[in-house]
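Subject: Structure handover

Hello,

Here is the structure I said I would pass on. My notes on it follow below.

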Amino acid sequence: MLRLTTLFIVLTTSQFAAGVNLRYKDSKFNLKGLVAPVFTPFLDDENKSLNLKIIPDYAEFLASKNISAVLVAGSTGEGTLLSVEERKKLAEAWSRAGQKNKLRLMIHVGGVAPIDVQNLAAHAESIGADSILCLPDLYLKPKSTEDLIEYLDGVSKAAPRTPLIYYQSSKVPNNVRPYGLLTLGGKIISTLAGIKIDSSDIKDGLEALRANENTGKNYTIIYGSKMPILPACGLGVETFMTASLNFVPEVAVEIIEFCGGRSDLEAGRAAQTRLSQIERDVLQYGGYVEAMKTATSLASGLYMGPPRAPFRSLSLTAAEKMSKDLARRGLSTVPSTLQNYKNL
C-alpha cells in the first residue's frame with residue numbers, strides 16, 4: 001500500500017510540476033549566504049491558528065536585510081507542531097511572498113510519518129520550492145547510513161525535480177556521519193544537494209567539506225544555530241542558518257564580509273562577539289523558540305504571536321526587559337509590539 005501511495009504521489013507531482021514555472025532550473029543547486037529559519041505566526045486565539053496575513057510583510061522585512069532564502073516549518077518554525085494541511089498552507093503563503101521579494105524557498109518536510117513526509121515533499125515541488133529539507137523520523141531513527149539513504153531516496157522520488165537537503169540535527173542523534181551520507185548517498189539519491197548541520201562539533205563540517213573534495217561535487221553545506229559563523233567561515237562554509245537572522249541579520253552580514261575577504265579578521269571577530277552577546281541576552285528570558293520569536297516580534301514590529309504548546313509565551317515583564325537589552329546593544333525595537341504581551 002505504501003509503495004502504491006508513493007507511486008501515486010510521484011506521478012501526480014510530475015504531471016503537476018510539468019506546468020509549474022520553477023524559479024531555479026539550474027541542474028546544479030547553489031545556495032550561499034544567509035538563510036532565515038522563519039517563525040510561524042499564530043493568532044492569540046484558543047487554537048493558536050495560523051496568521052498568514054503578516055507573511056508578506058515578514059518576507060519584505062527579511063529581504064530588506066540581505067536575507068537570501070528562508071526555511072519554512074523547520075524546528076524554529078514549530079513545523080512538527082503543525083498539521084500537514086497547516087504546513088501546506090504555510091508553504092503556499094511563503095511561496096507567494098518569496099517570489100515577490102526574491103527570497104529562495106526551502107521547505108522542511110520531515111519529522112512526521114513517512115507517507116506524510118512524501119506528501120509534503122510532493123506538495124513543495126508542486127508550488128515551485130527551490131529545495132526541501134528533511135529531518136527523518138524523530139523516534140524510529142535510521143540506524144545506519146544505508147537506512148538513511150533508503151529513507152531519503154523515498155523522499156527524493158516524491159519530489160524528483162527538487163533539490164533535497166538532509167537535516168542532521170543534534171537533537172535527533174544517529175550513527176550517520178556527513179561524509180558517509182554524501183559520498184554514498186550521492187550515488188543513489190539523484191536530488192541530494194547538501195546537508196544542514198547544527199552540531200557544535202566542527203568535525204562534522206570538515207567531513208562534509210571533505211566529501212565535496214573527494215566526490216568532485218558541490219554539495220551545499222549549511223551551518224545551523226550551534227556553530228558560530230566565524231570559525232565556519234575559516235573552514236570554507238558559505239551558507240548559514242540561525243534564528244537570530246530573523247531579527248539581527250546585519251551583524252551576520254558583517255561576519256560574512258570577512259568570509260568573503262571584504263573585511264579583516266578583527267572586524268570579523270568583533271561582529272561574531274556582538275552576535276553572540278545579543279543571542280545570550282535574548283536567551284536568558286526563555287527557551288530558544290520562545291525567546292527568539294519574541295525578539296523577532298520586537299525588532300520587526302510584526303507580532304509573531306505566541307508559540308504552541310509545549311512552548312510557553314514570554315511574560316510582558318520579560319518582553320520589556322528584552323526590548324531594553326536589545327536597545328542597549330544598538331538594535332532598534334518597536335515598543336508598540338509590547339502591547340501584544342499584556343494579555344498573555
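Lysine 32 and glutamate 238 form a salt bridge, with 3.6 Å between the closest N and O atoms. This pair links distant parts of the chain, its partners being 206 residues apart. Lysine 32 sits in the loop between α1 (2-17) and β1 (33-37), and glutamate 238 in the loop between α8 (229-235) and β8 (239-241). Lysine 32 is partly exposed, because its relative accessibility is 43%. Glutamate 238 is partly exposed too, at 44%. Please keep in mind that this is a predicted model.

The salt bridges in the model number 12. Two others deserve a note.

Aspartate 204 pairs with arginine 177 at 2.7 Å, N to O. Here too distant parts of the chain are linked: aspartate 204 belongs to helix α7 (residues 202-215), while arginine 177 is in the loop between β5 (164-168) and α6 (178-188), 27 residues apart. Aspartate 204 has a relative accessibility of 3%, so it counts as buried, whereas arginine 177 is partly exposed at 37%. Arg177 and Asp204 also belong to a network of salt bridges that takes in Glu207.

Arginine 328 and aspartate 325 form a salt bridge in which the closest N and O atoms are 2.1 Å apart. Both residues lie in helix α12 (residues 316-328), three residues apart, or about one turn of the helix. Arginine 328 is exposed, with a relative accessible area of 64%, and aspartate 325 is buried, at 9%.

Side chains of opposite charge can pair when their charged atoms come close. Which side chain of opposite charge is nearest to glutamate 279? That is arginine 280, 7.5 Å away. Apart from neighbours within four places in sequence, glutamate 279 is in contact with Thr242, Ser244 and Met292.

On the backbone, most residues other than glycine have a negative phi, and most peptide bonds are trans.

- Alanine 73 has a positive phi, near 65°. The residue lies in the loop between β2 (69-72) and α3 (84-101) and counts as buried, because its relative accessibility is 2%.
- Glutamate 78 has a positive phi as well, near 60°. This residue is in the loop between β2 and α3 and is buried at 1% relative accessibility.
- Alanine 309 and proline 310 are joined by a cis peptide bond, with omega about 15°. Proline 310 is in the loop between α11 (288-300) and α12.

Last, the cavities. There are four of 30 Å³ or more. By type, the lining of the largest cavity divides into six nonpolar, three polar and two charged residues.

Regards

Methods. Residues are numbered from 1 along each chain as its sequence is written. This is a predicted model: local features need pLDDT of at least 70, side-chain atom pairs count only at pLDDT 80 or more; totals for chains, interfaces and linings use all residues. Side-chain values use heavy atoms; hydrogens and water are left out. On a 1 Å grid over the protein atoms alone, a cavity is a set of points where a 1.4 Å probe fits but cannot get out, and a pocket is an open set with protein on both sides within 12 Å along at least five of seven lines; lining residues have an atom within 4 Å of a point. Grid points are joined across faces, edges and corners, and a volume is the space filled by probe spheres set on the points. Ala, Val, Leu, Ile, Met, Phe, Trp, Tyr, Cys and Pro count as nonpolar, Asp, Glu, Lys and Arg as charged, and the others, Gly among them, as polar. Buried means under 20% relative accessible area, exposed over 50%, partly exposed in between (1.4 Å probe, protein chains only). Lys and Arg count as positive and Asp and Glu as negative; His and the chain ends are not counted. A salt bridge is a side-chain nitrogen of Lys or Arg within 4 Å of a carboxyl oxygen of Asp or Glu. Contact means heavy atoms within 4.5 Å. Helices (H or I, at least four residues) and strands (E, at least two) are DSSP runs, numbered from the N terminus.
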